[in-house]
Amino acid sequence: MSAPSIPFIDLGAQRARLGTRLDDAIRRVVDHGAYVMGPEVLELEKQLAELCGASHCISCSSGTDALIMVLMAWGVGPGDAVLVPDFTFVATAEAAVLLGASVVFVDVAADSFCMDPDSLEAGIALARDRGLEPKVVIPVDLFGQPADYPRLQPICDREGLRLLADGAQSFGASLHGKRVGAFGDATTTSFFPAKPLGCYGDGGAIFTDDAELADLLRSVRVHGEGRHKYENVRVGINGRLDTIQAAVLLEKLTIFEDELRRRQVCADRYSQALDADVTVPRLSEGATSAWAQYTVRLEEREAVQGHLKAAGVPSGIYYVTPLSQQKGYSAGLVAPGGNPIAASLSERVLSLPMHPYLEPEVQDRIVAALREALRA
Ligand SMILES: *Cc1c(COP(=O)(O)O)cnc(C)c1O
């Protein structure tokens with residue numbers, strides 16, 4: 001008999017743990033009927049802001065829309081440069097391009113997978129050299145670990161750029177005791193089901209301490225509304241979070257801190273077991289991670305992944321191509337010398353199954369399969 005297949009992310013285990021609470025929460029919304037901007041949405045915003053220590057939380061329709069909304073509120077458009085890491089999910093760059101801005105792809109640091117401050121400085125110089133006005137830097141907390149905000153923020157301050165943290169993978173993580181949501185001028189996150197805090201569809205949120213920005217975002221979220229819905233004082237979008245998704249998130253929030261602890265335990269177990277075999281992920285000093293992904297670096301990746309698959313162990317490659325090399329983003333700028341770390345990582349990274357309900361025995365199977373694959 002073959003061993004049971006291993007899920008990459010086990011949302012079923014979480015659902016089993018919450019039992020009928022999720023069903024009850026969804027049913028309450030169906031019954032009360034406030035499907036859009038219902039009371040659960042406001043309660044969720046309050047709890048999320050408290051969790052991360054931000055003054056304002058504006059929930060929204062996705063992590064992508066969250067990025068778009070902030071850039072819209074800041075009036076980013078043609079002639080502006082937005083600096084993003086070359087090694088990230090496409091949405092980070094997409095938001096800027098959609099608004100007509102130019103993107104500059106910045107290299108990342110090999111150890112953290114996050115934006116390299118030196119490369120950011122080169123990117124800012126490049127943008128100015130091309131006659132663009134650098135306006136916004138969007139560091140990404142890749143795989144769950146906060147970017148190097150202590151070094152990135154002073155660069156933004158000195159150069160007069162806004163810092164928008166893309167925390168789609170890192171909600172719940174912290175750096176020197178400060179939680180994701182409290183860095184930069186604003187932070188976005190995503191509640192896509194596979195993210196550390198996921199709903200049962202699309203969802204996202206924006207965090208900021210800037211009251212004026214928060215007001216602008218609430219207007220952008222509802223078609224640029226003014227004093228009421230049918231007064232349109234600016235161009236906006238339909239960017240609201242559904243009440244049912246807020247209700248799901250409120251239930252999941254009750255176990256979120258425990259899930260973060262469990263993810264850390266799983267990451268520690270992996271790192272202890274695999275340290276001698278592959279390059280395991282390292283947290284920067286003072287950082288905790290939400291462990292959206294547990295990502296190792298190795299050679300001969302395609303062969304290793306094939307062996308894992310044959311052994312019933314799923315794995316993922318995030319990301320197989322740096323954004324600057326994607327056809328849709330060929331107009332993006334890259335400083336001379338390219339982004340060698342992003343290029344090298346895209347050939348070597350491999351993400352292993354990671355979720356709060358990964359049992360030690362299953363992890364042992366994954367580790368054994370990986371060791372065997374490396375020997376083959
Ligand atoms: C998932 C993700 C997004 C987009 O979030 P959606 O909710 O899927 O729109 C943006 N940036 C990063 C880094 C992501 O991982």
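Which helix gives the largest share of the lining of the largest pocket? The structure examined is a predicted model, in which local features need pLDDT of at least 70 and side-chain atom pairs count only at pLDDT 80 or more, whereas totals for chains, interfaces and linings use all residues. Residues are numbered from 1 along each chain as its sequence is written, and side-chain values use heavy atoms, with hydrogens and water left out.

The largest pocket has a volume of about 450 Å³. Among the 24 residues that line the largest pocket, Phe89, Gln169, Ser190, Phe192 and Lys195 are the closest to its centre. Two or more lining residues are given by helix 4 (63-73) and by helix 5 (91-98), and helix 4 supplies the largest share, three residues. A pocket is here an open set of points on a 1 Å grid over the protein atoms alone, where a 1.4 Å probe fits, with protein on both sides within 12 Å along at least five of seven lines, and lining residues have an atom within 4 Å of a point; a volume is the space filled by probe spheres set on the points, which are joined across faces, edges and corners. Helices are DSSP runs (H or I, at least four residues) numbered from the N terminus.

The second largest pocket holds about 200 Å³ of space, and of its 15 lining residues Ser112, Pro146, Ala147, Asp148 and Ser284 lie nearest the centre.

Gly123 lies in helix 6 (residues 117-129), and the C-alpha atoms of Gly123 and Val106, 17 residues apart along the chain, are separated by 6.2 Å.
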